[in-house]
Amino acid sequence: MNIMDFNVKKLAADAGTFLSRAVQFTEEKLGQAEKTELDAHLENLLCKAECTKQWTEKVMKQTEVLLQPNPNARMEEFVYEKLDRKAPSRMNNPEILGQHMIDAGNEFGPGTAYGNALIKCGETQRRIGAADRELIQTSAINFLTPLRNFIEGDYKTITRERKLLQNKRLDLDAAKTRLKKAKLAEARAAVWAEEVTKSEQEVRIAQSEFDRQAEITRLLLEGISSTHAHHLRCLNDFVEAQMTYYAQCYQYMLDLQKQLGSFPSTFLANNHQSSSSCAPSSSVTTTAASSASVTASLSSISNAAATSSLGDVKSASGNRKARVLYDYDAANSSELSLLADEVITVYSMPGMDSDWLMGERGNQKGKVPITYLELLN
């Protein structure tokens with residue numbers, strides 16, 4: 001037998017098998033043929049695998065959206081990944097915002113309160129951007145990659161073996177149908193006993209192959225529990241990466257708030273400096289040293305005056321009126337939120353921190369920071 005004859009016979013056998021499966025499947029759907037049911041344990045494992053696959057895909061896709069909200073950027077990263085090429089490095093949104101703030105601060109002048117604040121905010125935004133980049137990289141390695149490996153690897157193997165099991169079941173049921181028909185024909189003396197024997201042999205072989213494939217599929221499906229345990233470890237890594245990221249962001253913003261908290265004391269000096277129109281960058285650079293010295297002098301005068309006035313309030317038993325210089329959001333229920341330019345009543349209480357006064361506005365009262373106030377006569 002040459003190779004061509006062998007291939008022709010193999011194609012004919014494959015076509016006959018395919019046709020037999022198609023007929024069996026159609027008759028089952030029409031209720032004209034019996035179907036071998038899988039055992040309950042195997043059915044439960046199949047449902048668990050399918051459920052795991054569906055939710056893993058949803059969690060994975062939504063995590064990608066969380067880490068990279070821009071759909072165009074996600075598509076670009078996907079294309080580069082499929083091409084096995086490294087995506088070009090680009091600044092993320094916090095880094096872009098930070099750079100704009102730094103450039104604006106340098107343009108307005110680092111010696112001004114607004115310019116200095118912009119630079120400090122910009123530097124913090126760039127740190128947050130770097131932390132965000134680290135979160136994306138860590139999450140991709142420790143969380144998204146294992147989930148994607150399950151979808152594109154383990155579950156594809158399960159799907160392939162499950163399809164083989166379905167084909168073996170169809171072969172078994174088709175063999176059972178042929179045996180049943182042969183026995184009916186034998187009873188009518190229409191066929192020889194050898195035909196029945198041949199059909200019985202086909203059923204035994206088909207049953208053996210079906211049982212073997214069912215066992216292979218079962219062993220693969222029982223590995224889903226190990227997959228859950230692995231994904232749980234990956235989830236812990238993802239949560240830890242998020243915790244690190246948010247802790248870093250909180251610390252960066254806390255440091256920034258402390259730096260900006262000293263700005264109200266230099267407000268008077270910076271107002272004198274910025275009362276004229278904006279100067280070109282070259283002029284700002286030339287006069288930076290003199291501006292800094294003027295700022296320091298006026299700041300000391302302003303601080304001295306503020307200390308004296310607030311000292312009068314703390315030593316007096318009565319109330320004073322004060323104008324609010326800047327908006328202030330209360331950190332807790334013991335503090336009073338403030339709006340710029342509003343006038344409130346302030347007074348001191350024994351044991352209070354030297355940086356705070358009690359403020360009242362109608363029926364509302366609470367602690368207010370003294371650096372946000374200008375006492376009125």
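Predicted model: local features only at pLDDT ≥ 70, side-chain atom pairs only at ≥ 80, totals over all residues.
Figure 1. His231 is buried, because its relative accessible area of 12% falls under the 20% cut-off. Apart from neighbours within four places in sequence, His231 is in contact with Thr56, Pro146, Leu147 and Phe150.

**Figure 2. Helix H7, residues 224-261.** The helix has 38 residues, and 54 Å separate its first C-alpha from its last. This span is close to the 56 Å expected at 1.5 Å a residue. Which residues of H7 are buried? They are Ile224, Thr227, His231, Cys234, Phe238, Ala241, Gln242, Tyr245, Cys249 and Leu256. An α-helix has 3.6 residues a turn, so residues three or four places apart point the same way.

**Figure 3. Helix H6, residues 193-222.** H6 contains 30 residues and reaches 43 Å from first C-alpha to last, close to the expected 44 Å at 1.5 Å a residue. Its buried residues are Val196, Ser199, Val203, Ala206, Phe210, Gln213, Ala214, Thr217 and Leu221.

**Figure 4. Glu195 in helix H6.** Is Glu195 buried or partly exposed? With a relative accessible area of 39%, Glu195 is partly exposed, because this value lies between the 20% and 50% cut-offs. Glu195 and Leu179 are 16 residues apart in sequence, and their C-alpha atoms are 8.7 Å apart in space.

**Figure 5. Packing of helix H2 against helix H6.** H2 spans residues 40-67. The axes of H2 and H6 lie 10 Å apart and form an angle of about 45 degrees. H2 is therefore oblique to H6. The crossing in which H2 passes H6 is left-handed. On the H2 side, the contact is made by His41, Leu42, Leu45, Leu46 and Ala49. On the H6 side, Ala214, Arg218, Leu221 and Glu222 take part. Sorted by class, the contact of H2 with H6 has six nonpolar residues, one polar residue and two charged residues. Ala214 and Leu221 of this contact are also among the buried residues of H6.

**Figure 6. Context of the close-up views in the whole chain.** The chain has 10 helices and five strands. Of its 377 residues, 30% are buried. Among the contacts in the chain with a separation of 6 or more, 68% are between residues 24 or more positions apart.

Methods. Residues numbered from 1 in each chain as written. Heavy atoms only, no water. Helix = DSSP H or I, 4+ residues; strand = E, 2+ residues; numbered from the N terminus. Expected span 1.5 Å × (residues − 1). Buried < 20%, exposed > 50% of the residue type's maximum accessible area, 1.4 Å probe, protein only. Axes fitted to C-alpha atoms, helices over the stretch in contact; angles between N-to-C directions. Parallel < 35°, antiparallel > 145°, perpendicular 65-115°, else oblique. Left-handed = near helix turned anticlockwise from the far one by under 90°. Contact = heavy atoms within 4.5 Å. Nonpolar A, V, L, I, M, F, W, Y, C, P; charged D, E, K, R; others polar.
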